[in-house]
Amino acid sequence: MSVFTLSAPVAEALAAGRPVVALESTIITHGMPWPQNLEMARRVETTVRDHGAEPATIAVIDGNLCIGLDDAQLEALAQTRGAAKLSRADLAVCMAEGRTGATTVAATMIAARLAGIEVFATGGIGGVHRGAEQSFDVSADLQELAQTAVTVVCAGAKAILDLSKTMEVLETLGVPVISYGQDALPAFWSRDAGLRAPLRMDDPGAIARAHRMRAALGLPGGQLVTNPIPAEDEIGRDQLAPIIARAGEDARLHGIHGKAVTPYLLQRIFELTEGRSLKANIALVLANARLAAAIAREMSALPKNLAARDRAPL
Ligand code: PSU
Ligand code: MN
């Protein structure tokens with residue numbers, strides 16, 4: 001028996017070597033309000049399909065690690081209030097107890113890797129929180145990128161984080177951070193974080209080759225591709241800065257900590273921007289789905305063991 005369950009369309013695509021894009025589910029249960037969360041989840045899946053790849057949304061449903069959800073499962077997940085937020089630490093416990101939970105970037109990478117899915121689209125990864133020198137709040141997503149070979153397409157780390165510290169940790173962990181099509185690091189709702197990205201690539205084919213080249217070099221871990229939000233949908237950095245500061249202040253006043261921090265901040269920024277942050281969030285996820293599909297198409301056209309002949313025996 002397999003530890004995970006593939007949906008029929010995902011199983012067929014993987015068996016045929018067709019491109020597949022993994023999608024996370026925490027963004028559905030904890031990142032966006034109902035019913036926009038369901039609408040977003042459906043549109044992301046359609047976008048991946050329209051761009052020539054099979055979407056595989058990942059979640060734990062009644063203890064089953066499901067890779068690929070049908071529409072009824074997607075709707076039930078979007079409506080549920082009790083879903084746990086699952087990172088690397090929580091995945092096995094949720095499955096052992098037969099419960100339902102949504103996978104974060106870290107847990108989605110683990111599941112994608114198990115199924116042989118190499119490309120994953122999300123909104124923004126977790127990172128080093130502001131004040132981490134006091135709270136030690138550093139997302140497990142960073143460590144996962146260092147050890148699990150999945151290329152993650154995001155719109156940057158969420159601007160609620162300390163972006164320079166997040167970049168420092170990723171550098172230490174040896175994670176390639178690749179800005180797509182521009183020199184600047186994007187910051188989720190804004191195109192420019194005010195920092196230069198360590199790497200820049202403009203070609204999905206080269207990104208796919210770099211992923212396989214890492215494996216050929218025997219390097220564990222994935223790649224982080226940061227794709228700037230489309231210009232017409234962005235909220236400028238200066239406009240957001242006071243709102244993010246206020247949301248952070250409110251989180252402190254209410255004693256929010258641990259797993260609750262990111263969902264709280266996203267919800268508070270939604271309120272303070274009167275819904276504009278959600279509109280931007282949906283637009284950037286759709287853009288990431290398009291780029292991830294393009295990378296997955298390129299990946300499926302490459303030989304599986306690219307340059308493996310050049311690798312010294314271990
Ligand atoms: N991107 C979004 N919305 C989200 C998230 C990402 O647009 O809600 C989720 C992801 O699942 C990510 C998680 O892994 O937030 C990070 O949570 P934490 O900071 O607690 O590790
Ligand atoms: Mn955290």
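Reader: By class, how many nonpolar, polar and charged residues does the lining of the second largest cavity have?
Author: This is a predicted model, where local features need pLDDT of at least 70 and side-chain atom pairs count only at pLDDT 80 or more, while totals for chains, interfaces and linings use all residues. Ala, Val, Leu, Ile, Met, Phe, Trp, Tyr, Cys and Pro count as nonpolar, Asp, Glu, Lys and Arg as charged, and the others, Gly among them, as polar. Sorted that way, the lining comes out at seven nonpolar, three polar and no charged residues.

Reader: Okay, and how much space lies in the second largest cavity?
Author: On a 1 Å grid over the protein atoms alone, a cavity is a set of points where a 1.4 Å probe fits but cannot get out, and lining residues have an atom within 4 Å of a point. Points are joined across faces, edges and corners, and the volume is the space filled by probe spheres set on them. Here that gives about 30 Å³.

Reader: Which helix gives the most to the lining of that second largest cavity?
Author: Residues are numbered from 1 along each chain as its sequence is written. Helices (H or I, at least four residues) and strands (E, at least two) are DSSP runs, numbered from the N terminus. Strand 11 (223–226) supplies at least two lining residues, but the top contributor, with three, is helix 9.

Reader: What about the largest cavity: which residues are closest to its centre?
Author: The largest cavity has a volume of about 100 Å³. Of its 14 lining residues, the closest to the centre are Leu-23, Glu-24, Ile-27, Met-40 and Val-44.

Technical notes
Chains are lettered from A and ligands numbered from 1 in the order in which they are written. Side-chain values use heavy atoms; hydrogens and water are left out. On a 1 Å grid over the protein atoms alone, a cavity is a set of points where a 1.4 Å probe fits but cannot get out, and a pocket is an open set with protein on both sides within 12 Å along at least five of seven lines; lining residues have an atom within 4 Å of a point.
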